[in-house]
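This report looks at side-chain packing and charge pairing. The sequence and model come first.

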Amino acid sequence: MTNRHVLALALLASFAARANADSIDSAVPTVVATVDAQIRAAWAEHGITPAPAADDARWLRRATIDLTGQLPEPEHIVEFLADKRADKRTREIDRLLASPAYAEHWGTYWDNLLIGRLTREAFIDRTAFQQWLREEFDKNAPWDQMVRDLITAEGYNSNRERPAGYSETPKDFDERFNPAVNWFMRHSRSIPDMAAATSKLFLGVQIQCAQCHDHKTEKWTQKDFKQFTACFAKTFPTYVDRPGMLLKVVGTYRMELKDRWFTPPYEKYETLFGSYKDYVNETPKMLNGPAAPSFGSRRVALANWVTAKDNPWFAKAIVNRLWGKLLGCGFVEPVDDFRPGNPPLLPATLDALADDFADHAYDLQHLLRVICSTGAYGRACVDLQRSAKEETYWGSFPLKALDVEELFDAICTATDTDDRLDRLSKGHFDMVRNAFITQLVSQMGTDDMAEVIEQEGTIPRSLLLLNGTLVCGSARLVPNEGLGTVLSRASDDVAAIEQLYLRTVSRRPTEVELKKWRAFLAKSREVAHTAGPPASTPTGLSALGVSPEIAHASEGADFTELLKHAKTGADFTALRKLVKNNADGALFVKAFQAFAAEAPFQHLAATGGGNTTREQAFEDIYWALLNCTEFLTNH
């Protein structure tokens with residue numbers, strides 16, 4: 001085992017040993033008292049001794065990540081710890097919910113659920129859809145209105161300008177542009193998938209198995225599935241632009257989605273509308289509900305039923321999902337599997353939260369404020385020593401793996417790497433971030449629409465990747481950034497260590513940790529010399545030129561072979577002009593995403609670096625903090 005792994009394990013042991021009790025604020029919504037009383041009663045009934053309250057530093061990090069997807073700033077941590085007001089946690093929740101990062105974070109979360117991290121289709125305008133979600137969360141749109149807008153959306157999917165040679169923008173385009181239609185576009189080639197997604201995401205009811213067969217022990221039948229899916233059978237898109245073969249590389253198909261008076265011509269367009277033919281003759285009907293009207297929009301009728309206050313699943317589904325996301329386990333697990341054979345834990349508590357949410361006009365910020373104010377959310381993260389089959393009734397806070405977006409952003413924020421990546425990509429940081437996240441999700445082998453919530457299996461895989469160029473490069477000393485800034489501003493080694501802790505694990509080090517690191521810094525060692533980039537990696541002026549194999553390629557050259565020679569941004573710029581068809585375009589996009597995800601990080605790992613034993617020892621400390629479980633999880 002290397003010294004670095006010993007350091008990381010030492011940090012884990014220190015983390016597990018700290019769980020200081022602290023008081024929980026009382027100025028919170030009324031329903032919190034009801035929830036707390038019911039959970040305390042469950043602890044007493046099942047002989048559970050709950051964990052103490054989390055200390056202020058860990059609670060602040062927990063709430064900041066959960067509500068904004070970001071780490072708390074070191075300066076704010078110090079201010080929060082010094083704040084003696086009894087209601088400071090309530091104030092902090094309100095501050096986080098009002099921050100721009102809140103809308104960004106939850107917009108990303110729902111974009112992943114609704115569209116999928118890995119979905120890349122030329123008829124889906126991800127940028128427009130993401131912006132719409134951010135705006136909805138920024139203005140705190142009621143949840144029932146957001147769901148209604150998604151289910152009933154009509155209009156154009158994109159407002160991007162067309163490349164030269166494509167049709168002009170219609171005069172009424174601005175009025176008819178509706179980015180919410182991109183969710184339907186995600187499933188427009190398979191309305192059974194649309195029906196299954198609607199039920200699963202907004203009602204927490206999984207009906208997809210009934211598409212193929214009736215289940216012996218479950219409620220939903222094939223007839224139920226077909227009738228529910230028929231609610232979408234008169235909605236389909238048409239092209240606004242005549243699609244060109246290179247749009248996968250250069251743009252998005254502009255399409256219009258709307259409800260029709262007739263069913264789609266599926267016999268003529270079997271490839272696009274093949275999934276419609278099995279449902280057009282079914283009577284559209286809600287799950288356990290009324291049939292859709294014979295005239296008018298089926299989707300409007302469906303949306304009204306889904307979001308109705310007397311719908312038995314609607315409010316409970318979102319309450320259960322958000323409780324499960326913030327506390328690691330929902331009242332119903334999986335969080336989207338409400339059914340008679342899978343009853344909820346503490347159903348009265350779930351009912352109380354759902355009723356309160358509906359009574360507050362489906363206000364998502366109110367719901368998050370309630371959850372974050374509960375005693376269960378404020379527990380320390382400790383092991384209650386119960387078997388895997390025994391429920392803990394949220395007697396302690398779980399160790400939650402960070403979502404991949406949270407993980408990447410945490411590393412960049414803790415090390416100031418986002419600024420460097422932005423410069424290296426010439427202002428295209430979002431492209432590098434998205435490419436890296438796509439690569440990470442692919443290597444982890446997770447479903448692109450799934451929430452990464454399981455500790456087992458995800459963090460070890462992440463560590464295999466994070467011990468590569470991103471963390472190793474980010475931990476290197478570079479003047480005026482990250483570690484370089486810390487060492488230049490710190491008055492002594494103790495102050496520098498404290499700043500590294502505040503940047504990464506969002507707390508001050510203990511006396512035991514300080515003693516250990518000071519001894520580590522005092523150890524005798526030699527300056528290590530890091531090798532430069534491989535000889536095959538273009539550097540300097542050579543990185544600005546096009547590889548000879550690409551620059552002098554013949555007209556009939558095999559595109560797959562040319563891609564093997566692409567090593568720089570200049571190579572990919574030249575290759576883009578050689579794309580001849582959609583197959584080439586798909587290969588190009590995949591190769592360029594891999595290049596964008598790795599090239600900047602290789603540069604990070606090959607530049608800078610400490611020149612003295614003290615500087616290199618601090619690099620090791622930084623590396624250990626960035627790799628410890630306390631940093632890589634929310635707890």
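Is R299 buried or exposed? R299 is buried, with a relative accessible area of 0%; buried means under 20%, exposed over 50%, partly exposed in between (1.4 Å probe, protein chains only). This is a predicted model: local features need pLDDT of at least 70, side-chain atom pairs count only at pLDDT 80 or more, and totals for chains, interfaces and linings use all residues. Residues are numbered from 1 along each chain as its sequence is written, and side-chain values use heavy atoms, without hydrogens and water.

R299 forms a salt bridge with D259, that is, a side-chain nitrogen of Lys or Arg within 4 Å of a carboxyl oxygen of Asp or Glu. D259 is partly exposed, at 23%. The count comes to 32 salt bridges.

| Pair | N to O distance |
|---|---|
| R299 and D259 | 2.8 Å |
| E481 and R423 | 2.3 Å |
| D493 and R614 | 2.9 Å |

E481 is buried at 10% relative accessibility. D493 is partly exposed at 27%, and R614 is partly exposed at 36%.

Now the core. A nonpolar core is a set of buried Ala, Val, Leu, Ile, Met, Phe, Trp, Tyr and Cys residues joined through side-chain atoms within 4.5 Å. The largest has 107 residues; W110, L114, W143, W183 and F202 touch the most other members. Another core, of 47 residues, lies apart from it, and includes V471 and L632.

Disulfides number zero, taking a pair of cysteine sulfur atoms within 2.5 Å as the rule. C372 is buried at 3%, and C412 is buried at 2%.
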